[in-house]
Structure formats: C-alpha cells, structure tokens
Amino acid sequence: MGRGMAAFQYKYGGGHVTNRHWRSINHLAFFLLFRFLMNHNPHGKDKMSSSYDEGKSFARRDLLLKIQSESQKCWEENNVFEANAGDKPPTPGEKFFGNFTYPYMNGMLHLGHAFTLSKLEFGAAYHRLHGSNVLLPFAFHCTGMPIKASADKLVKEIQQYGNPPEFPSADKNPKDELTNDRIYGQTTASQEKYRSKRSKAVAKSGSYKSQWEIMRSFGLADGEIVEFQNPHHWLSYFPPLAMEDLKAFGLSCDWRRSFITTDMNPFYDSFVQWQMRKLKKMGKIVKGKQYMIYSPLDHQPCGAHDRASGEEAEPQEYMLIKMKVIPPFPPKLMVLEGKNVYLTAATLRPETMYGQTNCWVLPNGNYGAFEINETDVFILTARAARNLAYQMLSRVSEKPTCLVELFGKDLIGLPLKSPLSFYEIIYVLPMQNVLVNKGTGIVTSVPSDSPDDFIAFQELVKNQDFRVACEVKDEWIFPFEAIPIINVPGFGNKSAEKICFDLKIDGPDEKDKLAKAKEITYMKGYNDGIMIVGEFYNQKVQEVKPLIKEKLLKADIAVLYYEPEEKVISRSGDECVVALTDQWLITYGEAEWKRKAIECLDKLNTFSVEARNSFEHTLNWLNPRACSRSFGLGTRIPWDEEFLVDSLSDSTFYMAYYTIAHLLQNGNIYGSDNSYIRPEQMTDEVWDYVFCNGPAPQTIIPSIVLTKMKQEFEYWYPFDLRISGKDLMQNHLVFCIYNHTALLPQHHWPRGFRCNGHLLLNSEKMSKSTGNFRTLRQAIEEFSSDATRFALADAGDGMDDANFIFETANSVILRLTKEISWMKEVFDDKSSYRLGPPSTYADHAFANEINFAIKDTEKNYDAFMFRDALKTGFYDLQAARDEYRFSCGIGGMNRELLWRFMDVQTRLITPICPHYAEHVWQKILKKEGFVVRAGWPIADDPDSTLRMANKYLQFCMVLMRKSLHKQESCHKDAKKGAAASTTLVKNKLSVGLIYVNEHYDGWKEQCLRVLRDKFDGKTRSFAPDEDIIDALVNCSFGQEQNVKQVQKLCMPFIKFKKDEAQNIGFQALEPKLPFGEMEILEENKEQIKRQLGLDHIEILSSSDEAAASRAGSYASVLRKNPPSPGNPIAIFLSKLEYQSQT
C-alpha cells in the first residue's frame, strides 16, 4: 500500500482511516489474503477455520455487517453514547459509571480483550436500556517497559542482522524449567490457592519469534517496521487502530473522554504527578530498601506488567543455613584455605534444624565457591549466587565472584558443622532428586520430619551397591539416626516415617506419593506440631518458628535469602533476580491504610465468593511496593526525575480522570492543542479542588470551567463497576482500592469489581503459534460484531476459563438473519393473524412466557450473568414463540401478541446484539428513537401456576404421542394377515380416552403427609429415612403391616417425591397439582387432537367406574398402570372400537 492513499473506509464501523492511520489496511489485506489462500489450499487449511470458510455463502454474514455499519453510523451522527453529568447529584440508579482495565498498546486487540470488555459493555448497555445515564469510557495504557523494550529489540535486530534483518535459523524452544520440590518448606498454601492457575506465560510459550516477525504478524511491511524503533511511534499507531476496532465492535463508549498514558499526554502526565505528590505528602510514598523482583539488564525492578513470563511471581524468603566445612580441605578446595567455607542450604523450616543428620547435593550438579566478603565463602549454585549478589551478599556488589567451580561429587563426604544439629559433625551425601534451579542446590536433611529425606536416607542404608557407586563410606551414614524433634498428634514424633509407612512408599521414585506425604507432614507439623527438644520445648511450632529464625540470624549462623517464586523473564529477555533495592515505595499494608482498604472491600460488590476471598487474602499479605523505575515510558517522579512512575502505580486512580478528560483534552486522546485549558494550569490546587473537595484555587481557569469539572466528578463518582481479568486481582485491583481510600472520602470509594477467567477458543488455549488465535478485527470480519458479541456472551460468566465457540458464532449469523426474515413476513402478511386482544389458552400461556422472560432476564442482567440472560431472553423466548406457533393451528396466532413478542425480544437482546436490535427497531418495527435507549419492557407478574400448567400440557402431549405410537405398533402387528387397506383404515386409532386422577389417595396421600412434616423448606432437605419410616408405621395403613412391608411398598414413591421436592420445593408434596388437570386438558382438546392426529378425544376421571369401563379391552391397562396426579393415561381406540363401547 502506498502512502498516497488518502483515506480508507473501514468496512464495519462507518468511520475513516486517514493518512495517519492508512497502515491498518495492511493488516486487513493480510487477513483477506490469508483466508483466500486457506480456502484454496486444503492442505494448508487452518484447523480453526470456521464453517463459513469452507465454501459456504457469506450473504447472511454480510447482511449483519451492513446492518452493523448502518447502526454505528446512526449512533455516531446522533452522539448516542455521549454522557453528561446532571445538574444535581444522581439519585440511586440514575447513573451508571463502569470502566475497564485499559489494554496495553503494543499490538492489536484480540478476543481475550474483547471477552473481558464485553462484560462491561453488556452491563452498561443493560443499564442504559433501563433508563440510567451511562458513562462507559475507554483509554489506552502505554506506560512501562514493553513498548520501549520492543522498540529496543528492533534497534538491536537491525544493528545485528541488517535492514530488513536476515535472521539465522530459528532457535530451538528453551527447555522447560523444572521445579525443585526438594526445597525444605511449606509453600504458603494460602497464597498458592489464589494464584492464577493459568499464567500468561503459558500462552507465550512456543518457538521464539524475533520482534521483526512479530511486527510482520500485524500486517506491517518491512519499510514500515523501521519506524517502530521509536517507542513513541507505537503510541501514535496502535491506539487509533484499537479505537477503530472497538467502534466496529459496537462499544457504547463516550470517546470524548479517551486518552493515552505517559508524558505524551501532558494532561494525564500532570494528573499522575499530582497523585504521586499527594500520596507522598500523606506519607504513603517513602524511600526505603525492599526486596524486589529485579532485572539486572534493565537496572530496575521488574513489575508484573514488565514481564514476559512469571507475571505473578513474588520474592520468596528463605533462610540460608551456614553449614561450616571442617578442615582440612580436600585438594579441590585447597584454594579456599584460610577462609570460612560454608555449604548453604535454603530452608523454609528453621524449626526442624535440630534434626539434621546429613546434607544432600546433586552428584552431577554444577556448584561454585563464591566470595561473600573478605572472610566468608558460600558453596552453592551460580544462580543462587547471582541472587545473593543483588542482596548485598557478595564481595563485589551485583557481581558474584566464583573462586572455584565444583561438581556435586566434589562435595560428597565433606564434614560439616551445622547450626542446631544434635550431631557434632554431619556429612555431605548424594541424592539424585536434588534440583539446582531453586534454592541453592544444597539441601539439609531431617529424616524425622521430611518424607523425602527419610526415604533417601533409607535407600543409602539399605543399598550397599549404591553406596559403593557413589563412594559413600559407612561411617558417614550408620552412626546417624533420625532424631525426634517435633510431636505431631496422630503421627507421633517421627512423622515422616509414619506417613511413608501409611502410604506404602518404598523408594524415591514414587514422587506422587512423596509429594502427598510432604504436603501432609509439613501442614500438620506447622499447624499442630509441638517442639520436644531445645529451649522451646513443649511450645507450638507455629509460635516458635519466628523465634528460632531470629535466634539463627542473631548468631550469624544463617542469613536471609530471596529469589523469585518461579522463573521470571523481563520484556527485555533478561532472567530476573530478587534485589535489595533503594526505592520509592508505596506503603501498602500499613495498618491504618489496610483497615480502610478492608472497610472498602466489605462494602464492595465482588459478584462471587471466590473473588472476595482472593481480595481478602491479598489485602492480608500485601506489603509495600516499588512505584518507580528508570527504564520505559511514563510519567517522571516529580521530586526525583531520574525515575518514572511504574505502570501499576499510574493506573490505580485514572477512573477519576475519565470524569473530566473531555473538558481538558477536547476529544483528543493525546491532549488537545486547542483546549481552552493549558496543562500547566492544572496545578495541585486545581486537582485538589476537583477531586478532593479542596479550597477554590487561585487560577486563571474560568470559574465556570472549574465548577463544571467538579460537577462532572461529583456526579459520576464513585464508579459503580470495574471489570478486569482475574490476573489483576492480586495487584492492580487491590492497589485501586488502596489509592481510592487514601485520596477520597468514603462516599466516593469504588462500588463494584467484577473479574473473569481467561478465554479459550474452541476449548483450546489461544495461541498465535498454533493458529488458534483471533484479533478482534479478524473476529468481526469473520462473524460480524453481533455474532461475535453473542458468542462472547455465551462463552461463560464465572472466574473459570470461558470458551468462545466458532460454531456458536456461525449459528447466530443464521439465527439472527432468519429472525429478521420471519419478522418481515409477519408484517407483510398481516391478514394471517388474529386481531383483538389475546384470548385463547395458547395466547395466555405465551404472554405469560414473555412476562417470565422479561423478569428472569432482568435478574440475569442485574447479576451480570450474560449467558443466562441469553438463555432466558433469547433461546427460551424463541422456544416459547415456536411452541405458540405450533399450538395455534388453524385459528392462527394473535397479531397483537406477536408484536409484543418482537418488541420484547428486541429489547432483551439489545445489550448483546445492539446492531441487529437497532435495525429491527427502526426498520421493521418502525419505532421512534434508538433501541439502546428504548427502556426495559414492562411485564405483568408472571403466573407460575399457568407456566406449570402449560408444561404439564406439553408433557402430556409428548407422553400421549409416545403411547399412541406404541399402541399403533401393537395394533398393526395384531392385524397382520387381514385384508389390507380397507381393514387398516377401519382399524385406524382415531379416538383418544384420556384418564386423569387429580388427587393422591390411600397410602400415597399418607406418605405425602409424613413427608411434608419431615421437610425443611429452607434447605429443601428431609429428616433421616428412619424417622420417615417410623412415622409411616404409625399411620393407619402402616399399622396393618410390618416395617419391611411398609418399606417395600412406600420407599420407591418416597424417593421419587423427595427428589422432586429437592428440585421444586414444598409444592411437590401436595396431594394434587395447583391447577385442575381435567380443566387444562379439556380447554386444549382441539390442540391435542390436532397434534396427535385424532378425530375425537374425551377427558375422563379415573375414579368414574362408568368412564373406566369405556376402555373396553384396554381396561386392564388402567388397572395395571393407573393414572396419578401429573401423569394421565391415554387409551386409543379405532372408530369401530369406540362406537362399540358407547
């Protein structure tokens, strides 16, 4: 595409891509070419291609795209989604302000973004439909490392490989890092429980891609990619594209309030600087040292947003136990003569050090002797030494110095003096299960309380060949026995031995059993264990653990050591460490501030217990966090401009900025040059006045403008809802709570957070490398916006991973277009429908279903359960319409009722499929105004009894149809050999006798009476069966039989009724249904006749002996299988048989 192209009409949104944005065409052209090739190359077909890519017509999809474009143009021309504050504070429910965690602008928006955003979009649209004044703004996050790191990668790739780069063959996939489960300790199970089980790093696995290749995947030509060496070019390129895609999606956004972050937007830059100064003035930002995940390459802390993998990892604290090597040293260590040499084992359980019997190393593992200071040397892995070097535990800061490289086998047999051990000397022994990628690769052994240690030690004791192979001397093993140090109730004082015996663990290869044993012993030991040795004798483990830790540190026989909980790779490609950094910190976790945060959470709607538990847990462990960095894009720390505000600190309060952004920026996302306010005029006093009810500032900003800004904020705040993926629960969302409670009074604190899981595509994780991936733009072109939105709503609503199914999107294309055609037919063929108000039973039943749909869908939208809203407001409602159409027969459907159905269905689907709904509203129903503001449909109170009666009727007809078919089969078999056609006509079953018993009587009625007495309506549970049987035995019929006879007679019926009551409640235990069965069947005789193809039917009472006799030879059927409430019995006769009985 040449730069001379003046403009490009974006097919779906009705907007334009001007010269500045012409490159978006390349992305679209690339996708069109890709799809063309896939359609014409069966061997190269993407396994995720939709059925529409398999030669089917696109006409229906293109109709939805046309409708989509027309609706969006109409909305934009009429500023439908612009929201302005009222003159007075809003009454409850008058306004709805919802926002979304703004996406990062280093690429195109994809379906994962759209899924989370859809929760806000559907909810906001519902509130708008309900008459609320709705504000849905959207912004673009550009702060932090990713963009700068990507731009720098392009620079390096061009420098190294030319322009365009000519890369060598692709690198192999890096080996997966193993997890070391041999580190002594209990991973804080409570923290693990709430960590996202599906790290983004999983989605980023696969073959390595150069940054140049990534840019090509966006549809960029090589000549264009060069421009992205400038990080600010990303900010001018991707946000406008994202805005186009979101408009095409139909996002009901007030785009006047949109903005980008960083100092490229001077107004937002001023806002963040004010926020930082305000927090510092309040004592919430301080300078201090803290252990942080840190990138040595970038020379700064690496926050969650700055990581390519390990986004959720935190620094993990260990104690390094200093086990001193006793001279004389072996030849390999002679270079260390004169120094204090220690093997350092990482542990999370200092209380168990009393029970050490030996030390484990990996025989073939790589170790080194590293200088800590002038006198001390630690033997450990190079990876651990690198971490220590950034924690002021290296002779040369940040540069570990290795004096001698070692293998684990060089250490076997070394005598050690280990802190707290009851043995004067212990020895280094080999263990094949020790891993070296976590901790230090040195593991101290406590076989009394560690199942791994117990089994490994027993292996050495029992296996002489293994000892010989490893050159292990007997004197290093046999004098040592497990030392009881902790008594654990139920496990004794050697819990490891006990659990290994119980689980029948025979060797170190039974890893699953060992993992289970470890989990049990560590948890029980910590929670219930009592020390039985040392100065803390008879005290609880959980109480003395910190005391023993303090004792070891004070005696200088242990040091603190930190490393990332899992491998962390920065966006720059650097493996991160934990560093003790001198940082500007936000004091999250400070007691009084934490109390206010908890108070805010208590009143917050989290929409699920799981989310609330996660927030509570995070608030309990959250500690101060760094808020500054020296690399990337963003806002400068105003009092220390060497540093930038990090991306998790400039995104905690920006929801307030939305309320006045349009007044500052004049609709320009970068900060308008023609605004009547200048950025420098937004002083701290002005920001305080607008957001914090500060005094009127001395400023040249007109007072009317100041008043308007304050009015906007006071009207819209607090925000009602913030939508986010669950991966931000442990950081961003909790930071948001903290910042709001610090800066604003209680009545402006957030009201709701709703979190969702990740999105799968066709039950598989999204992955560019496998082709199972869709950008939002691709999905819109492939399915249309409304079909995409529908499939997103249908994907799921909880915190578990949701599933976008292509077949659902395709089926919706068919459903919506067929519905349009049907509605046009209804309006074009008015003569086929009954006039006047609804009058028949079918009319009333259908009208009742419409009322249910309105009420149930309203509840589902209120709860943000959009899949359920689709069920009740679309699927169920359409099923009711189809049933109504089938029920009406010759009499025809009622026109007034059909029009109400179309009106209601259109409104109910509006939040999810607004383009379709707007088209129906204006072009078919010929309504005035916009459907998105049409108001929620009014409903009468639904009649549960009528619904139950109608379900009964439908059930009966299904049952009768089955009975008729069965009886016809028997009838034909019996008539075989008779004269053919004439006989068959004469013997055709054309009469139905329907026998009804409306009331349980006899022993069944007494059973129901007992069950009602033994039923708890609140819990829908029953007393034990023994109590029920005892009560039955005391009934009149029970006194005539023994217990076994009562059980045999009654229990099947009782079980059936108990199950029914647990499903529908107390009503199931009534002796009759809440409606007259004979009345319902009598009223619908014509429908029953038509659906069963009968000439005549009669509704008869089974208690009427004369009526029963009319069954003739089939009377035995009634005796063997008598009707019961809710279960009538139908007998079918030929015309001749019927006449003979009358």
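Which helix gives the most to the lining of the largest cavity? Before I answer, a word on the model. This is a predicted model, in which local features need pLDDT of at least 70 and side-chain atom pairs count only at pLDDT 80 or more, while totals for chains, interfaces and linings use all residues. Residues are numbered from 1 along each chain as its sequence is written, and side-chain values use heavy atoms, with hydrogens and water left out.

Let me begin with cavities. Rolling a probe the size of a water molecule over the atoms shows where empty space is left. A cavity here is a set of points, on a 1 Å grid over the protein atoms alone, where a 1.4 Å probe fits but cannot get out; lining residues have an atom within 4 Å of a point. Grid points are joined across faces, edges and corners, and a volume is the space filled by probe spheres set on the points. The whole structure holds five cavities of 30 Å³ or more, and the largest has about 90 Å³ of space.

To return to my question, α26 gives the most to this lining, with five residues. Helices (H or I, at least four residues) and strands (E, at least two) are DSSP runs, numbered from the N terminus. α26 (841-862), α27 (866-888) and α30 (944-974) each supply at least two lining residues. Among the lining residues are Tyr-841, Phe-846, Glu-883 and Gln-1087.

Next, a pair of helices. Helix α14 (residues 495-502) packs against helix α15 (residues 511-528) at an angle of about 140°, and their axes are 10 Å apart. Axes are lines fitted to C-alpha atoms, for helices over the stretch in contact, and angles run from 0 to 180 degrees between N-to-C directions. α14 is therefore oblique to α15; angles under 35 degrees count as roughly parallel, over 145 as roughly antiparallel, 65 to 115 as roughly perpendicular and the rest as oblique.

Finally, the backbone. Most residues other than glycine have a negative phi, and most peptide bonds are trans. The peptide bond from Asn-163 to Pro-164 is cis, with omega near -5°, and Pro-164 lies in the loop between α4 (146-161) and α5 (189-194). Another cis bond runs from Tyr-717 to Pro-718, with omega near 5°. Glu-398 is not a glycine, yet has a positive phi of about 65°.

Technical notes
1 Å grid on protein atoms, 1.4 Å probe; cavity = no way out; pocket = protein on both sides within 12 Å on 5 of 7 lines; lining within 4 Å.
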